[in-house]
Amino acid sequence: MRLDHYLRDRGYDRARTRQLIVQGRITVNGRTAEQAAMDCGAGDTVLVDGQAPGPAVRLTIMLNKPAGYVTATASDTDATVMDLLPAAYRDRGLFPVGRLDKASEGLLLLTNDGTLCQRILRPETHLPKTYFIRVGRPFPADTETRFRTGIVFPDGTPCRPAEITISTDRLTALVTITEGKTHQVRRMAAACGVRVGELKRLSIGALALDPALAPGAVRELTEDELALLQA
């Protein structure tokens, strides 16, 4: 791991790390660090002003993703969800947990906690995720039955049974899935003969999107909210 990444995980931003290096205040295994890019590993001793910098600072934030941004840490062609982060969060090693496609909106988590990320994404966890969707024409009469018995995509890929609650006009629905295949909700609807226009993720497990969080806005999760993801 790079030295600046090591210190970033412990609460030092990039500018602060560079300043400390210039001032000769960081040592790695007793030698004064001269470059932010130098390697340091679990067995190395890193000191700042002669003191260990402390344990890694884990950070998880909630983003109300708007449409038009790709879920990636970088892109040569599109704006990414990282572009929405305030400056204070841009040097903290955050990465998206899972994906929402460019046209989709709603709850997206970003974290620097790899263990939490794996807990959420691990297939055997079957963590439920709920979405609001709007379609271009009414859902067919057999949609509920097909969702609840398990959609099979045209290529033969099966989906686990999913819950769907369709509105009285049959143009909107709440969908809950327990897996994360690529574009799954859109593809499940397409298998039933309807095209999803609007898609917004409302919850991951017991964690719901904060209704006070404006599109494009972020906030850190509370300890109680983190506990909901780890239960």
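The model is predicted, so local features need pLDDT of at least 70 and side-chain atom pairs count only at pLDDT 80 or more, whereas totals for chains, interfaces and linings use all residues. Residues are numbered from 1 along each chain as its sequence is written, and side-chain values use heavy atoms, with hydrogens and water left out.

Arg-10 is placed in the loop between helix 1 (3-8) and helix 2 (14-22); helices (H or I, at least four residues) and strands (E, at least two) are DSSP runs numbered from the N terminus. A polar atom of the Arg-10 side chain lies 2.9 Å from the backbone oxygen of Tyr-6. Arg-10 also lies over the face of Tyr-6, at 3.7 Å from the ring centre, where the criterion is NZ of Lys or CZ of Arg within 6 Å of the ring centre and within 35 degrees of the ring normal. Leaving aside residues up to four places away in sequence, Arg-10 touches Pro-53, Gly-54, Pro-55, Ala-56 and Val-57, contact meaning heavy atoms within 4.5 Å.

Elsewhere, three strands form an open antiparallel sheet in the order 2-1-3, two strands being paired if DSSP finds at least two bridges between them. Strand 2 (31-32) and strand 3 (46-48) stand at the edges, each with a single partner strand, so one side of each has no neighbour in the sheet. Strand 1 (residues 26-28) is joined to strand 2 by two bridges, and Val-28 has Arg-31 as its bridge partner in strand 2.

Key. Polar contact = N/O pair within 3.5 Å; in protein donor to acceptor, adjacent residues only side chain to side chain.
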